[in-house]
Structures are given as structure tokens and as C-alpha cells.
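The following paragraphs lead the reader through one protein model, from its overall composition to its side-chain pairings. Please keep the sequence and the coordinates in view while reading.

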Amino acid sequence: MPPRSGTSSASMNTSTSFSSSWLGSSPSRQSPSRQSPHRNGVRSPPAKIIREFYESPTKLLTLEYTQLLSNSDREFCKKLDEDAVRRASIHQEQLAKAAAEHKRIMEVSEREMEILRLREEAEQIRKNNEQQEELQRLKEENMKREVEAQKRQLEAKLREEQISREAAEAQKKQQEAAARARAEKEREEAARKKKEEDERRAQEAAAASQQPSLPQPQPVQPAAASSVTPAAAPTVAVAAPLPTQNASTQPSADKIQVHNKYLALHGTMKKFRKNMQEWARNKDNPLKPVVGDIRRNMNKRMGQITIDVNDSRNAINSIRAECFQKAIDAGGPIIDIRPYLVSHQIDSEENAQYPQLLLYSWICFEKALISQWYNEASKEDGRIIGQLSLIAASLYLDANFMCKGGVPMTDTLLAKLHRICPMLFGIRGDLGANRAGLGLDRIHPNEADMNRYSQLMTGVGAGYAAITHKKFGKKPPAIPISEYWRTVVLICNTPADALYPGHFLVLQGLLRDNVRKFIMTYGVAAMAVLRRATIDLPNRVPAVQPNTPEARPGLAAAASLVKVLPDVWQKKDNIDIR
């Protein structure tokens, strides 16, 4: 604590006069600390008292003792003051040290903050540099891809030009050969006619020599005979290639034979399903609730598929457990599966044994699958159809549900597709006697049924394309992507007079959401096929249909749906096929 200014209280007590009461009191009461302080101007004791005090030994002793006490008190107060000064000095030193330490800590903190700021700035600069490098890399990759795409496009264009030149040269050679054949035929015809004319004139000359009175006939100019031949030449040149062209526009006998096998399989499946439901109606049948549960759970779970991966995973797990695995665990009759296969062969009788309830589950699943394809076809986003096809492909490739020997049950799905959409497999029809070739045999020509038909064709095309593009690791796909290629090419090869709106609706479903995977698989060849499908094929359709019984209403509108796909791909996926 700071020292007090002026003289201490003890020193003030020692400077006061001694009264008689103070002199006669005990030494402890005569301590300066017990005396009241006197202020300036207080009256001093008389000289007599002072003299008596110094003359008495006891009082002298008391005075000395008092003086000692006063000195001791003064020394004590001095020490207190010194201690107070020393403590104040220590306190000031501690404050100074604390201030210095605080200043040091502040400086260290400021340096650390500056270091952190510099580090953050350096990190930000590094991130900016990395972003710039990444942007530059992406820009270079995009430029590289564009250059490669342009190169591929140029190569494809050059190949197409080469093919066009070769076709033109071949056509020119054919025309020259036809012209040579026509000229040769004309020469032979002229020579024949000239020979006939010469023979006729010789006969007339001989007759004239025998009958001189008759007038000579006027000779016929040879040019008159040859002038008749050019009129018949175009008929021969045009009519010759027609039989070959008509023959090439028809599906091959193999395609028709395979199509008929799948149609027969579809009829067998339909009969099996009806017999199965009839068999399950028996009250004494222990499998009656299982059959009903499989059908109901299949329809319910297939309707729960969304674009959310967790929902799809839960749905497929439920389908596996509540339908397919339940059909296996329930037991029941065993059948020979060979009548239900077309593309696969099973030689062993043992491997041909298959649970009857499991086959029924497949038929219910495919019925629900195509129904969901139809329901989702009207949406612009085909992701739900992709999820449905992903589930279908995973189930077909599940070894627990295959025939013995690893044969998948995809033929049952193909049979239904052959029945409702034969155009997927190159089968052609017309609006007359062969409506089944277009999938129209069960469609009435009213607006509601035709709208349902259009939506079904689009959904089936999208679902079939999605299944062919699904592959799981090293397993072979349920339906290989080569079948997708084959389907697109078969529709593109359909003659203009055999095209129907259903062809373009199926083609729209096949191409809309699968162009990127198709190009990744086949590269430049896929680009050529896509140009053929979206540019060349729609351009073969007349803008206005003739007002005849053979007219195909809605054909131009359906072709326009395919014709705009390149613009959609370029805007959405940055894919230019032109």
C-alpha cells in the first residue's frame, strides 16, 4: 500500500507534553500509543512539572522507557511504511510484468492471427489455382471430346459419302449394264426385223417375177422399223428390279418362325395362368392363400417403385421375399419348363424340373412390369422406368430363380412383348388383315384406345431399352444390348409404305433416355444409327397423308416426336449427332 504522507501518529505522540495524570500512571498507560494526539496550538505543561520529572529517578526511568517505546513504535511504523513501499513497488513490478506479459501474448496472438490469415490466403490461392487448373483441364477435355466428336463425325460422314459413292457407282454400273442390255436387245430386235423384212421382200420379188403385170410394192425403210423400239425400253428397265425390292421389304422366314414360336408360348402362358387360378380356387387347396398373396403383393410392390434408391431397394427385397422366394418355399407341383423356353434348350429331364408357383410368379411379375411401363410412359423423366427395368434385370439374373443350369426366364417376357409390340422384332403389319403385326388386333379405332396404344408403345420401347442396358458385374446381361441395336435397325429398315405411328412411338421410347449408353457402347457406329433413326427415317414420311383408305393418320405427328430428339440430346446431354 502507498506510504502515508507526513509524520506518523507515533511520532506525533512523542512530541506532546506530559500531564500529571500521565506521570502518575503505570508505564503501560504512559505508552505513547495510548496518548491522545495533540494538535498544534495546544498549551505546553508548566516548567515545574518538567523540572520535577527530570529530578525524579523513577520518573526518569519511566521517561527513558517511554522513549524506548516511542522509538520502538517509530521503528515499527517505519518498517510498516517501508513494507508498504516495498509491497507497492512489488505490486507495480507485477503490474508491469503482467502488462508486459499481456503485451507479449497480444503480440504472439497477433503474429498467430497473421500466420493464420496468411495460411488462409495461401490456401485460398491454392484452391483458386486448383479450380483454375480443373476448369482448364475440363475445358481441354471438352475441347478434346469436341475435336474427337468432330473427327468421328467427319469420319462417319466420309464413310457415308464413300458408301453413297459406292452405291452410286454400283447403281451407275447397273444402269449402264441395263442400257447395254437394252441396246443389245434393240440391235437384236432390229436385226431380226431387218431379216424378216429382207425375207419378205425376197418373197415379193419372186412373186413379182412370176406375175409381171402386177405393180411393184414400195420398199419399207429400215428406219421405220427401228423407230418403234425405244418406246418399250423404259418398261423393261423399270420393271426388272421390282421383284427384288419387294422381296427385301418382307421379314425373313426365320424372324416370322421365331415370332410364331413366341406367340405360341404366350398362348401357353395365358392358359397356364388361367388354369393356375382355377386350381387355386379349390377350398381344400393348401396353396390357395399363397397364390393370392403372390399376385396381390406383386401388384402392390411394383406400384411402390420410385426414383428413390432406398424405396426401390425395399420394394425389390419385398418382391424377392414375398413373391419369388415364397413361391419356392411353399413347395407345390413341379412342371417341365421346356415348353416355356424358346431361345434356350435344356436337354436333361432333371434340369427341366421347375416349381409351378415360381413360373406363376414370373407371369404375374411380367404382367405388372408392363403395366407400370405403360403408367410411367406419359412422364418426361424416364428414371422410374429405368428403376423398374433394373429390378427386372436383377431378378432375371438371380440364380435362385433360374432354371437348373443357369437358364434365365427371359423368354416369358419376350413372349409378352412379341404379342403386344411385334415391331420390336421386325414384324410388320398393316391396317387391313394384318393388324396383329402392329399390335392393333385388340385395339379399337376410337380415340381413347388409340391414346392407350400410343402410351403403351412408348412405355414398352423405353422399358425394353432399359433392360438391355442393365449389366451387373461380370454376369451376362438378361437381354444383351445387341438386341437393342437389332431392334433400332429393324425399325429403321422398315419401308416407307409400311411405316405406322407405332413404329415412331416405339422408337421414341427406345432412344430418348438411352443415347449416352448407346454411344458409349458402339461409338461412331451408334452415331450413324442414331442419324438414320432420327433424321433419315422421319424424312421419309410425307408431311400430309393422302385421303385414301390406306392413309395412316398421325404418322407425321409421330415422326416429329423422333425428329426433335437430336435437339433434345444436344440441349440436355451436349450430344450432337448431326
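A residue is termed buried when its relative accessible area is under 20%, exposed when that area is over 50%, and partly exposed in between, with a 1.4 Å probe and protein chains only. By this criterion, 34% of the 578 residues of the protein are buried. The model is a predicted one, in which local features need pLDDT of at least 70 and side-chain atom pairs count only at pLDDT 80 or more, whereas totals for chains, interfaces and linings use all residues. Residues are numbered from 1 along each chain as its sequence is written, and side-chain values use heavy atoms, with hydrogens and water left out.

Helices (H or I, at least four residues) and strands (E, at least two) are taken as DSSP runs and numbered from the N terminus. The protein contains 20 helices and 2 strands. Its accessible surface, computed by the Shrake-Rupley method with a 1.4 Å probe, comes to about 35,400 Å², and carbon and sulfur atoms account for 55% of this area. Where contact means heavy atoms within 4.5 Å, 70% of the contacts between residues at least 6 apart in sequence join residues at least 24 apart.

The interior may be approached through its nonpolar core, a set of buried Ala, Val, Leu, Ile, Met, Phe, Trp, Tyr and Cys residues joined through side-chain atoms within 4.5 Å. The largest such core has 104 residues, of which Phe324, Trp362, Phe365, Leu417, Leu510 and Leu511 touch the most other members. Helix 11 gives the most to this core, with 12 residues. Trp362, leaving aside residues up to four places away in sequence, touches Phe324, Tyr354, Leu395, Tyr396, Phe401 and Met409.

A pair of aromatic rings is described by the distance of the centres and the angle of the planes. Here, rings of Phe, Tyr and Trp (its six-membered ring) pair if their centres lie within 6.5 Å; planes under 30 degrees apart count as stacked, over 60 as edge-to-face and the rest as tilted. The count by this rule is 13 aromatic pairs. One of them joins Phe365 and Tyr396 edge-to-face, at 6.3 Å centre to centre and with 75° between the planes. Phe365 belongs to helix 11 (residues 356-376) and Tyr396 to helix 12 (residues 383-396), so this pair ties together parts that are 31 residues apart in sequence. Phe365 is buried at 0% relative accessibility, and Tyr396 is likewise buried, at 1%. Ring pairs also link Phe324, Trp362, Phe365, Tyr396 and Phe401 into a cluster.

Another pair is formed by Trp485 and Tyr522, which counts as tilted because the ring centres are 4.7 Å apart and the planes stand at 50°. Trp485 lies in helix 15 and Tyr522 in helix 17, so parts 37 residues apart in sequence are tied together. Trp485 is partly exposed, at 26%, as is Tyr522, at 28%.

Helix 17 (residues 515-522) itself has Val515, Phe518 and Ile519 as its buried residues. These three cover an arc of only 95° around the axis, as judged by the directions from the helix axis to the C-beta atoms, which puts them on the same side of helix 17. They pack against helix 15 (481-492), helix 16 (501-511), helix 18 (524-539) and helix 20 (565-573). After helix 17 comes Gly523, with a positive phi near 65°.

Charged pairs complete the account. A salt bridge is a side-chain nitrogen of Lys or Arg within 4 Å of a carboxyl oxygen of Asp or Glu, and the structure holds 21 of them. In helix 4 (residues 57-210), Asp83 and Arg86 are 3 residues apart, or about one helical turn, and their side chains meet in a salt bridge at 3.4 Å, N to O. Asp83 is partly exposed at 27%, and Arg86 at 44%. Arg126 and Glu130 form another bridge, at 2.3 Å, N to O; both lie in helix 4, 4 residues apart. An α-helix has 3.6 residues a turn, so residues three or four places apart point the same way. Glu141 and Arg145 are also 4 residues apart in helix 4, and their closest N and O atoms are 4.0 Å apart. Salt bridges link Glu134, Arg137, Glu141 and Arg145 in a network.
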